[in-house]
Amino acid sequence: MSKKEELQKLKEEVESCSRCALHLSRTQAVFGMGNPESRILFVGEAPGYYEDLQGLPFVGQAGKLLDKLLGEIGFSRKEIYIANVLKCRPPKNRDPLPQEIEICKPYLLKQIEIIQPSLVCTLGRFALHLLYGKKIPISKFHGKVLPGDIFTIYPLFHPAAALHQPALYTPLREDFLNLAKILKELKSTPPVEKKPTQITLF
Ligand code: SF4
């Protein structure tokens, strides 16, 4: 099965998921979108109002900012893959609950297993804490390259945070400009074959 077919199969599973209570309030689940062959995966927090309505990640104001920042470094969504920690919108856009993250986590891990990214750009603290496995402060670690056995993590502030707290916009933009250099290096290194068993699944 191709990566595209594997992702489609998982998407169908997510769309009918009722593992946590968020399925009761969602309009629809938001699986993720992008290039399945990409070596770069962006992981946000959870769908918001517009994402829940449209079934696509990062389509509101935060998504527009993400597109702008990607465009500034010569990238577009077609070249990356974007997913979230939670696939369903928490009511009133509240923070994800620890148990919701734990229950939904296998879907993100399976997406990672299929896509096999070399670089994972976490957007916000929830994605960082989940994928790094430790609650390190994003205020200290944003823009730092965190190498791992399976993929490298590059923590970024969430674009929505930069919209609500203008002081975060400049560091977010600077981190994106540095990302351009990291991506250039990535292009010059061949992808490393990953062992799927290294990732914990359902
Ligand atoms: S948030 Fe995740 S675990 Fe909860 S219902 Fe949606 S897809 Fe299932």
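Helix 5 supplies the largest share of the lining of the largest cavity, four residues. By cavity I mean a set of points, on a 1 Å grid over the protein atoms alone, where a 1.4 Å probe fits but cannot get out, and lining residues have an atom within 4 Å of a point. Helices here are DSSP runs of H or I, at least four residues, numbered from the N terminus. This is a predicted model, so local features need pLDDT of at least 70 and side-chain atom pairs count only at pLDDT 80 or more, while totals for chains, interfaces and linings use all residues. Residues are numbered from 1 along each chain as its sequence is written, and side-chain values use heavy atoms, with hydrogens and water left out.

Let me stay with that cavity. The space in the largest cavity is about 110 Å³, where a volume is the space filled by probe spheres set on the points, and the points are joined across faces, edges and corners. There are 14 lining residues, and C17, C20, C88, C104 and Y107 are the closest to its centre. Helix 2 (22–25) and helix 5 are the elements that give two or more residues to this lining. By class, the lining has nine nonpolar, one polar and four charged residues. For the classes, Ala, Val, Leu, Ile, Met, Phe, Trp, Tyr, Cys and Pro are nonpolar, Asp, Glu, Lys and Arg are charged, and the others, Gly among them, are polar. In total, two cavities of 30 Å³ or more are counted.

Now, what does helix 5 pack against? Helix 1 (residues 3–15) and helix 5 have axes 10 Å apart, at an angle of about 170 degrees. Axes are lines fitted to C-alpha atoms, for helices over the stretch in contact, and angles run from 0 to 180 degrees between N-to-C directions. Helix 1 and helix 5 are therefore roughly antiparallel; the cut-offs are under 35 degrees for roughly parallel, over 145 for roughly antiparallel, 65 to 115 for roughly perpendicular, and oblique for the rest. On the helix 1 side, K3, E6, L7, L10, E13 and V14 meet Y107, K110, Q111, I114 and I115 of helix 5, contact meaning heavy atoms within 4.5 Å. That contact has six nonpolar, one polar and four charged residues.

Helix 5 (residues 98–115) also meets helix 6: their axes come within 12 Å and cross at roughly 75 degrees. That makes the two roughly perpendicular. I101, K105, L108, L109 and I112 of helix 5 touch F126, L130 and L131 of helix 6. Here the classes are seven nonpolar, no polar and one charged.

Helix 6 (125–132) brings us to the largest pocket, where it gives two or more residues to the lining, as do helix 3 (49–54), helix 4 (61–72) and helix 8 (159–164). A pocket is an open set of points with protein on both sides within 12 Å along at least five of seven lines. About 730 Å³ of space lies in this one. Its lining has 28 residues, with E45, H158, A160, A161 and H164 nearest the centre. Which helix gives the most to it? Helix 8, with four residues. The lining divides into 14 nonpolar, nine polar and five charged residues.

Last, helix 4 and helix 9 (residues 169–187): their axes come within 9 Å and cross at roughly 45 degrees, so the pair is oblique. Thanks, everyone!
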